[in-house]
Amino acid sequence: VYMQNSGLGNVVNPLSSLTAESVYKIPMLLLIGWRGEPGKKDEPQHMLQGKITQNILDCLKVPYEVLPDYQEGADKALCTAIKHMDEYETPYALLVKRQTFLSFKSPREAVELPLRREQAVELLVTAFDDDDVIVSTTGMLSRELYEYRRTVGQSHERDFLTVGSMGHASTIGLGIAKAKPERDVYCLDGDGSVLMHMG
């Protein structure tokens with residue numbers, strides 16, 4: 001299972017129940033991208049998560065190690081992980097620091113789409129009424145909404161830019177809609193984020 005460490009917060013419950021030794025004992029290899037790694041520059045929303053990533057794994061009793069950035073070390077780490085999963089039938093995590101892997105460029109040709117995300121955001125925002133509320137998901141979409149508003153000289157007062165908290169934009173939107181039933185609330189979300197909390 002590959003995830004960014006911000007996703008670790010979303011899997012605390014399954015890791016502390018379903019995969020636990022006293023329940024189903026499900027062995028799985030967790031490759032966790034270590035955003036906000038201590039001593040490294042990163043976006044503010046990743047700094048606390050990066051600082052406590054190892055503590056979370058310790059609390060969950062999930063053994064881990066940092067994946068080395070050279071082949072022999074990576075092979076050894078994988079052997080350790082496999083041995084643990086075979087012996088204990090529980091998860092094992094490898095923390096992946098920034099730039100551990102070499103850059104990869106897909107050999108596929110770029111697909112030309114009729115509309116870029118930035119254009120879609122602009123079209124949607126111009127179609128909304130002035131009193132509508134917009135909740136935008138973490139990442140580039142919120143940055144693009146923010147930049148669009150700045151470019152056209154509009155206020156951000158009716159936008160909630162979800163910084164971090166991937167997977168929670170729709171829940172935030174629902175909360176605002178329930179608190180402000182007289183206003184229309186639109187949630188601009190991404191596919192991965194939606195998949196995290198569809199229920």
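Reply: The model is predicted, so local features need pLDDT of at least 70, side-chain atom pairs count only at pLDDT 80 or more, and totals for chains, interfaces and linings use all residues. Residues are numbered from 1 along each chain as its sequence is written, and side-chain values use heavy atoms, with hydrogens and water left out.

Me: What makes up the secondary structure of the protein chain?

Reply: The protein chain has seven helices and seven strands. Helices (H or I, at least four residues) and strands (E, at least two) are DSSP runs, numbered from the N terminus. Along the sequence the pattern reads β-α-β-α-β-α-β-α-β-α-β-α-β-α. The C-alpha trace spans about 60 × 40 × 30 Å along its principal axes.

Me: Why is Phe-128 called buried, and why is Tyr-186 called partly exposed?

Reply: Buried means under 20% relative accessible area, exposed over 50%, and partly exposed in between (1.4 Å probe, protein chains only). Phe-128 has a relative accessible area of 11% and is therefore buried. Tyr-186 has 31%, so Tyr-186 is partly exposed. Of the 199 residues in the protein chain, 32% are buried.

Me: How do you know that the rings of Phe-128 and Tyr-186 are stacked?

Reply: Rings of Phe, Tyr and Trp (its six-membered ring) pair if their centres lie within 6.5 Å; planes under 30 degrees apart count as stacked, over 60 as edge-to-face and the rest as tilted. The count by this rule is one aromatic pair. The ring centres of Phe-128 and Tyr-186 are 4.1 Å apart and the planes are at 15°, so the pair is stacked. Phe-128 belongs to the loop between helix 4 and strand 5 and Tyr-186 to strand 7 (residues 185-188), so the pair ties together parts 58 residues apart in sequence.

Me: What makes the contact between Lys-25 and Glu-89 a salt bridge?

Reply: A salt bridge is a side-chain nitrogen of Lys or Arg within 4 Å of a carboxyl oxygen of Asp or Glu. For Lys-25 and Glu-89 the closest N and O atoms are 3.7 Å apart, and the pair is a salt bridge. Lys-25 lies in the loop between helix 1 and strand 2, and Glu-89 in the loop between helix 3 (71-88) and strand 4, so the bridge joins parts 64 residues apart in sequence. Lys-25 is partly exposed at 29% relative accessible area, and Glu-89 is partly exposed at 37%. The count of salt bridges comes to nine.

Me: How do you know that Arg-149 and Asp-159 also form a salt bridge?

Reply: Their side chains meet at 2.7 Å, N to O, in a salt bridge. Because Arg-149 lies in helix 5 (residues 140-151) and Asp-159 in strand 6 (residues 159-161), the pair ties together parts 10 residues apart in sequence. Both residues are buried.

Me: Which residues are linked with Arg-35 in a network of salt bridges?

Reply: Arg-35, Asp-42 and Arg-98 are linked in such a network. The closest N and O atoms of Arg-35 and Asp-42 are 2.5 Å apart. Asp-42 is buried at 16% relative accessibility, while Arg-35, at 26%, is partly exposed. Arg-98, in the loop between strand 4 (92-96) and helix 4, is partly exposed at 45%.

Me: What makes Asp-131 part of a patch of negative charge?

Reply: Patches are made of residues with over 30% relative accessible area and no salt bridge: like charges are joined within 9 Å, nonpolar side chains (Val, Leu, Ile, Met, Phe, Trp, Tyr) within 5 Å. Lys and Arg count as positive and Asp and Glu as negative; His and the chain ends are not counted. The place of a charge is NZ of Lys, CZ of Arg, CG of Asp or CD of Glu. Asp-131 has 42% relative accessibility and counts as partly exposed. Asp-129, Asp-130, Asp-131, Glu-182 and Asp-184 gather in the negative surface patch. Asp-131 sits in the loop between helix 4 (117-127) and strand 5 (133-136).

Me: Which residues make the nonpolar surface patch?

Reply: Leu-18, Val-23, Tyr-24 and Ile-26 make this patch of about 380 Å². Accessible areas come from the Shrake-Rupley method with a 1.4 Å probe; for residues, only the protein chains shown count as cover. Leu-18, in the loop between helix 1 (12-16) and strand 2 (29-33), is partly exposed at 42%.
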